[in-house]
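I am keeping these entries as I go through the coordinates. Each one notes what I looked up and what came back.

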Amino acid sequence: MDLLNTLVDKGLRRELPTREEALAVLATSDDDLLDVVAAAGKVRRHWFGRRVKLNYLVNLKSGLCPEDCSYCSQRLGSTTGILKYTWLKPDQASQAAAAGLAGGAKRVCLVASGRGPTDRDVDRVSETIRTIKDQNEGVEVCACLGLLSDGQAERLRDAGADAYNHNLNTSEGTYGDITTTHTYADRVDTVQKAHGAGLSACSGLIAGMGESDEDLVDVVYSLRELDPDSVPVNFLIPVEGTPLAKEWNLTPQRCLRILAMVRFVCPDVEVRIAGGREVHLRTMQPLALNLANSIFLGDYLTTEGQAGKADLEMIADAGFVVEGTDQVTLPEHRTETAGVGCGSHEAAGCGSHDSAGCGSHEGAGCGSHEGGGVCGTPAAAAAPAGEPRTDLVAVRRRGAGTDLAPNA
């Protein structure tokens with residue numbers, strides 16, 4: 001297919017595809033799906049080999065959010081029945097992180113619901129970052145605390161944070177349809193603050209909220225301009241009790257096409273399959289590793305994920321390897337400019353869900369967050385093709401904020 005040959009050539013050169021080419025990827029047929037995956041897989045392997053980076057979420061503060069993000073189970077007025085608790089103490093957070101690190105995670109994502117941190121919150125998270133770093137050599141720490149005020153990114157960096165997550169989630173044109181308590185511009189500003197402070201920027205999207213192909217391409221092109229080092233791709237988990245509970249718009253094939261489009265537009269960045277992979281990709285998850293080079297291990301913020309052991313087996317069975325702490329995730333041309341922002345900044349300028357808050361929020365992963373999927377529990381009989389898999393959505397009842405061992 002001429003389209004795919006063109007996109008592979010552009011991906012190997014870090015050349016931006018045209019919008020028409022990106023839209024064409026989303027419009028390909030199921031008959032051509034394996035060809036699409038194979039083409040995007042060439043780009044993924046060129047820049048990242050067969051390595052898979054593992055990330056682990058720690059929900060520092062769950063629920064109790066004043067923002068009204070429609071996809072988020074921690075939103076204002078939520079009736080989802082999720083765990084609700086205030087800030088974990090640094091030792092509690094470090095203990096929760098240790099479970100994920102023992103399972104092979106390289107990065108810990110510290111997430112807190114809310115519009116954004118107060119200066120006291122930044123002090124609290126800074127102490128948590130230092131505790132985790134002191135107790136775990138070589139660990140990367142990403143903070144996801146919502147909208148940042150001036151100077152807060154610098155304080156997190158000085159405490160040892162390596163990255164900051166704040167997702168754009170959807171296109172600027174449709175942002176007001178999913179959230180009214182903050183703006184798309186607020187999110188862009190926070191990503192730029194993280195960039196400007198020398199943190200590795202992490203920013204992604206949520207698919208499956210009823211958006212058009214044009215909306216998906218718009219948000220991915222906006223992310224390319226912001227030039228984050230990592231792009232989490234979340235697939236909405238329609239959690240009962242949220243306004244988007246009936247939005248079951250995704251199939252495994254659709255998810256794979258979205259991931260392929262993101263890889264072609266952002267060839268040399270860490271593309272992470274975040275919340276919802278277990279619910280929407282299901283048995284096609286191993287195929288998605290040919291497109292993305294990063295996943296979350298275990299549970300998400302407020303929903304269950306696939307068992308950590310199953311994640312590791314999936315990676316090995318698919319012929320991939322877990323990235324070690326001694327390995328650099330990004331290609332050399334991006335790491336050479338680390339410290340002045342996010343990476344190459346080529347085409348850029350510079351510059352997981354909960355609420356405005358966590359960056360990505362629910363329906364997503366840490367970059368993402370919620371919406372995370374389930375699979376830790378035995379699945380019920382498979383639903384008929386095309387039917388919503390509501391049996392794959394379960395509220396997290398273990399790990400951070402509980403007395404039960406985490407799933408890692």
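Entry 1, contacts of a serine. The model is a predicted one. I looked up Ser94 and asked what it touches once neighbours within four places in sequence are set aside: the contacts are Thr131, Ile132, Gln135 and Asn136. Ser94 sits in helix α4, which runs over residues 90–102. I then checked its accessibility. Because the relative value is 1%, under the 20% cut-off, Ser94 counts as buried.

I compared the length of α4 with what its residue count predicts. At 1.5 Å a residue, its 13 residues should span 18 Å, and the end C-alpha atoms are 18 Å apart, so the two agree. Next I listed the buried residues of α4: Pro90, Ala93, Ser94, Ala96, Ala97, Gly100 and Leu101. They cover an arc of only 160° around the axis, so they lie on the same side of α4. On the face turned away from that buried side I found the exposed residues Asp91, Gln95 and Ala102. I also asked what covers the buried residues; the cover includes β1 (51–61), β2 (107–112) and α5 (119–135). Following α4 comes Gly104, and its phi is positive, near 115°.

Nonpolar side chains tend to be buried together in soluble globular proteins. I looked up the largest nonpolar core here and noted 100 residues, of which Val58, Tyr71, Leu156 and Phe235 touch the most other members. Helix α10 (residues 252–265) gives the most to this core, with nine residues. Without residues up to four places away in sequence, Val58 touches Leu88, Ala93, Ala96, Ala97, Val108, Cys109, Leu110 and Val111. A second, separate core has ten residues, among them Leu57, Val111, Tyr300 and Leu301.

How much space lies in the largest cavity? I noted about 120 Å³. It is lined by 14 residues, and those closest to its centre are Tyr56, Leu57, Arg396, Gly399 and Ala400. I also checked which element supplies the largest share of the lining, and it is β1, with four residues.

I repeated the search for buried residues on α13 (residues 308–317) and found Gly308, Asp311, Met314 and Ile315. Their arc around the axis is only 120°, so they are on the same side of α13. Lys309 and Asp317 are exposed on the face turned away from the buried side. I then asked what the buried residues of α13 pack against, and the partners are β1, α11 (277–281), α12 (285–288), β9 (294–296) and β10 (321–322). Just after α13, Gly319 has a positive phi of about 90°.

Last I looked up Arg45, which is in helix α3 (residues 33–48). Is Arg45 buried, exposed or partly exposed? Its relative accessibility is 34%, which lies between the 20% and 50% cut-offs, so Arg45 counts as partly exposed. Setting aside neighbours within four places in sequence, I found Arg45 in contact with Arg50 and Asn290. Arg45 and Asn290 are 245 residues apart along the chain, yet their C-alpha atoms are separated by 7.8 Å.

Technical notes: Residues numbered from 1 in each chain as written. Predicted model: local features only at pLDDT ≥ 70, side-chain atom pairs only at ≥ 80, totals over all residues. Heavy atoms only, no water. Helix = DSSP H or I, 4+ residues; strand = E, 2+ residues; numbered from the N terminus. Buried < 20%, exposed > 50% of the residue type's maximum accessible area, 1.4 Å probe, protein only. Contact = heavy atoms within 4.5 Å. Core = buried A, V, L, I, M, F, W, Y, C linked by side-chain atoms within 4.5 Å. Expected span 1.5 Å × (residues − 1). Arc of directions from axis to C-beta. 1 Å grid on protein atoms, 1.4 Å probe; cavity = no way out; pocket = protein on both sides within 12 Å on 5 of 7 lines; lining within 4 Å. Points joined across faces, edges and corners; volume = space filled by probe spheres on them.
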